[in-house]
Amino acid sequence: MTDLDQPANEEIDVSQPHPARMYDFYLQGKDYYEVDKAAAARVQTVYPSIMITARVNRQFMHRATRWLAAEAGIRQFLDIGTGIPTRPNLHQVAQEAAPESHVVYADYDPIVLRHAEALMRSTPEGRTAYIQADVRDPETILSADRLHETLDLTRPVALSLNALLHFVPDENHPYDIVQRLVGAIPSGSYLALSHVTADFAPELWEKVAEVYRRGGIPSQVRSRDEVLKFFDGLELVDPGLTVPHRWRPDGQSVEGATDEAVSIYAAVARKP
């Protein structure tokens, strides 16, 4: 079962690039426009390993979701900054391990909504739902009827914020946003998060950020300590905050995945 919350007459803006569609390009998808391809090509020019970054991050999402469902016993997932569905998507990974899992996706790009109905199909035992909302307005997500119809917020939830918060600069109060979201889920819940860093290649990532900013996309890379701050008050799951290809590796690897090529920190943490 799939449920959608859809604002009326929402049009796709193709006048400037969008990070979800650029990410789809990096993953060699097909759901992007020329403006996204052009911006992504500029990123590739200054940072040729950006496709490695995207693929390694995607693998982290798969492993973290599988661990949460199979090992931590989580049956409810809230994935914000969903992006364009790319198989296997989070609900497919979770429901492979636990078919009764309920998953709510949230993203603000209308193109994600267009693909959600076709690609975000749940198992008969589980449920998926989609909310069109912006993480910078967490109350819109937390107050959505579809969220409360799909998830029971008195029971543990895995909150997934993968490759999202580097698009939320400090002026939008990202730490307050994460605290609000984590505060809305009960003890025994988890936060899974990945975030771009310039720690391994500072000059190159400043150029990448500039490409995004010129395209009208706010961006801010953060240091290890700055990313770690998102987990304040939570209990990090072993191996803690690390580069994603070193987070519980499963034998699958991406060729060329060095720390510098990937330039992401990732972790999963439990709410005590």
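Predicted model: local features only at pLDDT ≥ 70, side-chain atom pairs only at ≥ 80, totals over all residues.
The secondary structure of the protein chain amounts to 11 helices and 8 strands. The radius of gyration of the chain is 17 Å, close to the 19 Å that the globule rule gives for 272 residues, so the chain is as compact as a globular protein of that length. The C-alpha trace spans about 45 × 45 × 35 Å along its principal axes.

Of its 272 residues, 57% count as buried, the criterion being a relative accessible area under 20%. When contacts between residues at least 6 apart in sequence are considered, 76% of them join residues at least 24 apart. The accessible surface of the protein chain comes to about 11,700 Å². Carbon and sulfur atoms account for 48% of that surface.

Rolling a probe the size of a water molecule over the atoms shows where empty space is left. A search of the whole structure returned 3 cavities of 30 Å³ or more.

The largest cavity has a volume of about 50 Å³. Its lining consists of A64, T65, L68, F77, L90, A158, L159, S160, N162 and A192. Strand 5 gives the most, with 4 residues. In terms of residue class, the lining of the largest cavity comprises 7 nonpolar and 3 polar residues, and charged residues are absent from it.

The second largest cavity has a volume of about 40 Å³. The residues that line this second cavity are A20, Y23, D24, R58, T82, G83, I84 and T86. Helix 1, which covers residues 19-26, gives the most to the lining, with 3 residues. By class, the lining of the second largest cavity has 3 nonpolar, 3 polar and 2 charged residues.

Technical notes: Residues numbered from 1 in each chain as written. Heavy atoms only, no water. 1 Å grid on protein atoms, 1.4 Å probe; cavity = no way out; pocket = protein on both sides within 12 Å on 5 of 7 lines; lining within 4 Å. Points joined across faces, edges and corners; volume = space filled by probe spheres on them. Helix = DSSP H or I, 4+ residues; strand = E, 2+ residues; numbered from the N terminus. Nonpolar A, V, L, I, M, F, W, Y, C, P; charged D, E, K, R; others polar. Rg over C-alpha atoms; globule rule 2.2 N^0.38 Å. Buried < 20%, exposed > 50% of the residue type's maximum accessible area, 1.4 Å probe, protein only. Contact = heavy atoms within 4.5 Å. Areas by Shrake-Rupley, 256 points an atom, 1.4 Å probe, with all protein chains shown as cover.
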